[in-house]
Amino acid sequence: MAVSFDVPSSPKRNVAVIDEFLGVDFTNSPSNVDLKKSPNGINMIRDVPGKVRKCMGYETIKTYDTRINGAHFRHGDEEYLIHSGTKLYRGETVLYSAMKDTRSKSWQIEDKLYIADGKAFLVYDGTTVKKASENAYIPTLTIAKSPSGGGEQYEPLNLLQPGFTELFGGTATDKTFQLSFSGLDSKAVQAWVLNSSGTWVAKTEGVDFSVNRSTGAVTFTTAPGVSPVSGEDNVKITAYRTISGYADRINKCTIGILFGVNGAADRIFLSGNPDYINYDWYCDYNNPLYWPDTGYATLGTAKSAIIGYSIINDRLAAHKDNMEDDRNVILREGDITDNEPTFKIVNSLQGAGAVAPYSFAYLANEPLFLTELGIYAITPQDITGEKYSQNRSFFLNGKLLEEPNMSEAYACVFKDLYWLCLNNVAYILDGLQPLQTDKSLPYATRQYAGFYRTNLPARVMWVHDSRLYFGTPDGKICRFFDEPESLQSYNDNGVAIHAIWETPDFYGNLFYKNKTFRHLDVRLASAIATSVKIWVQKRGLWNLIKEDNSSARYFSFMSLVFSKLSFSPDTTPKTIPSKIKVKKVDKARFRFENDVLNEPFGLFDIALEYVENGYYKG
């Protein structure tokens with residue numbers, strides 16, 4: 001009698017492929033991270049959208065005596081200025097030696113560069129650096145004034161300049177001309193009288209006139225007479241009266257932005273004065289040597305400081321700290337009213353307060369800034385509402401929000417990447433890849449892909465001639481390499497860059513089933529010299545699966561390294577297969593690592609084959 005039986009079928013083979021890499025996710029649990037992200041990605045950066053490679057390194061190109069506080073550029077100049085300690089250098093030449101040893105910022109208007117360091121507002125003309133107060137504009141305070149006083153108000157006083165000018169219409173007999181202010185400075189008073197040819201003729205104090213400084217009266221030895229030109233003033237007097245603290249309102253400022261009427265970039269707005277934390281001031285049109293004493297605003301409550309600025313469409317946003325009661329962003333528009341510039345408040349927004357004055361930068365046309373809740377953006381849609389809630393750093397916040405001294409963060413945008421540097425690391429947001437969604441943050445679901453860079457002692461950072469630079473706390477100027485194909489681009493001042501891409505915990509289709517992983521393939525970017533170490537974590541322990549030092553290399557006469565010689569002419573991405581045996585686990589995590597000096601490292605795809613069979617018993 002024939003006996004029949006069934007052959008047990010083999011467990012179904014499952015395949016998982018990761019062919020897109022969208023940055024790190026330090027915020028979700030590794031068990032809940034999307035496969036396209038890494039819960040522990042270190043020193044990896046976007047290559048082309050969806051692919052990642054090791055970050056390029058940097059080299060020191062110059063060393064100064066003390067910490068680097070800023071780099072300042074005047075358009076058209078070959079050399080830029082470096083603020084190191086208390087000195088301002090152009091190359092090796094010290095242009096100014098009385099800087100404040102804090103970070104500094106600068107803005108260019110017309111052909112001059114203006115620098116704020118919290119001690120003295122400076123101007124650089126391409127040759128010399130001077131205090132702006134030394135050449136500050138002397139305003140004409142009044143015109144059409146009679147010798148005894150009165151007249152028409154013409155220009156406000158200049159905060160940077162104790163000098164003021166007044167124009168009088170003389171009479172046949174009056175010798176004494178009363179200025180608007182008493183208590184004049186000891187500096188010599190200047191005077192001019194208009195002659196019959198329409199030329200101003202200078203007069204000398206002590207010879208042609210005397211001055212009573214306590215009353216502000218100027219007395220000529222001979223009456224200047226009636227104006228030779230009908231309807232015009234014929235006596236001009238310039239005197240000086242210092243108002244204590246006026247100049248320091250500008251000199252002590254540390255932050256600012258270019259803004260103007262209808263959003264034009266023709267005035268500097270300054271703030272950050274520790275004595276007036278909720279004040280800001282703006283200069284005259286295209287003239288930062290003139291700061292009218294009427295050109296200021298008080299924004300919000302006096303207990304809350306202005307931290308920084310951004311431009312949203314044609315509006316100026318002043319960002320305050322989290323001490324403000326309700327409204328942390330105050331929006332203004334620039335307009336002309338009665339022939340005078342006005343910057344009226346048009347709205348205020350509620351949201352997280354800014355914490356870092358040097359974290360403001362623009363990525364993909366969005367103004368970004370750091371708060372205690374992460375990196376935020378304000379969009380044009382926000383400015384017409386009541387609140388803003390555009391957190392853009394959700395995937396980085398798991399590490400970022402644990403950083404101490406967040407107020408010291410410094411931001412720079414370079415090639416669609418927003419770098420936020422603090423505590424020797426950088427948190428990087430990628431503006432080139434599409435914004436992602438995450439339901440964990442319901443009011444700000446659109447998130448940038450994020451990356452994490454270590455061993456980066458950047459105190460300040462800047463871009464010059466399409467290269468990224470940074471200055472260190474110990475006086476070094478460092479420049480990032482910019483040739484991704486060069487082996488020499490992959491070191492940090494001669495130190496190997498340790499790059500890691502780690503997958504999330506992989507649970508397969510059914511988390512409660514046993515998994516047996518049998519095969520792993522990774523497709524690496526080929527290079528003259530590259531390698532990979534592949535690790536697996538099972539039951540909490542890491543084990544090395546494979547180390548490959550040759551498969552993804554190719555031969556090049558241009559960059560011959562005999563110790564890493566390959567005769568392969570194939571420069572396309574290389575698949576590295578690995579037979580593995582990870583048995584009876586409920587999950588596994590995989591790590592791909594390169595820590596070799598002067599080796600690039602790029603990931604294109606990861607594939608896993610596994611079977612699920614039986615129930616996991618722990």
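**Close-up views of a predicted model**

**View 1. Asn262, an exposed loop residue.** Asn262 counts as exposed because its relative accessible area is 62%. This predicted model places Asn262 in the loop between strand E22 (255-259) and E23. Take a look at the backbone here: phi is positive, about 60°, although Asn262 is not a glycine.

**View 2. Glu110, another loop residue with a positive phi.** Glu110 is not a glycine, yet its phi is about 55°. You will find Glu110 in the loop that runs between strand E9 (105-109) and strand E10 (112-116). Is Glu110 buried or exposed? With 59% relative accessibility, Glu110 is exposed.

**View 3. Arg267 and its surroundings.** Arg267 belongs to strand E23 (residues 267-271). Its relative accessibility is 6%, so Arg267 counts as buried.

View 4. A search of the whole structure turns up 0 disulfides. Cys283 is in no disulfide, and the nearest cysteine sulfur, that of Cys253, is 12 Å away. Cys283 is buried, at 0% relative accessibility.

**View 5. The largest pocket.** This pocket has a volume of about 980 Å³. Its lining is made up of 31 residues, and those nearest the centre are Lys105, Ser106, Trp107, Phe360 and Tyr410. Among the elements that give two or more residues to the lining are E9, E22, strand E5 (68-72), strand E26 (306-312) and strand E34 (410-414). By class, the lining of the largest pocket holds 22 nonpolar, 8 polar and 1 charged residues.

**View 6. The second largest pocket.** About 450 Å³ of space lies here. Which of the 21 lining residues are closest to the centre of the second largest pocket? They are Thr254, Ile255, Gly272, Pro357 and Tyr358. The lining of this second largest pocket divides into 9 nonpolar, 6 polar and 6 charged residues.

Definitions and conventions
Residues are numbered from 1 along each chain as its sequence is written. This is a predicted model: local features need pLDDT of at least 70, side-chain atom pairs count only at pLDDT 80 or more; totals for chains, interfaces and linings use all residues. Side-chain values use heavy atoms; hydrogens and water are left out. Helices (H or I, at least four residues) and strands (E, at least two) are DSSP runs, numbered from the N terminus. Buried means under 20% relative accessible area, exposed over 50%, partly exposed in between (1.4 Å probe, protein chains only). A disulfide is a pair of cysteine sulfur atoms within 2.5 Å. On a 1 Å grid over the protein atoms alone, a cavity is a set of points where a 1.4 Å probe fits but cannot get out, and a pocket is an open set with protein on both sides within 12 Å along at least five of seven lines; lining residues have an atom within 4 Å of a point. Grid points are joined across faces, edges and corners, and a volume is the space filled by probe spheres set on the points. Ala, Val, Leu, Ile, Met, Phe, Trp, Tyr, Cys and Pro count as nonpolar, Asp, Glu, Lys and Arg as charged, and the others, Gly among them, as polar.
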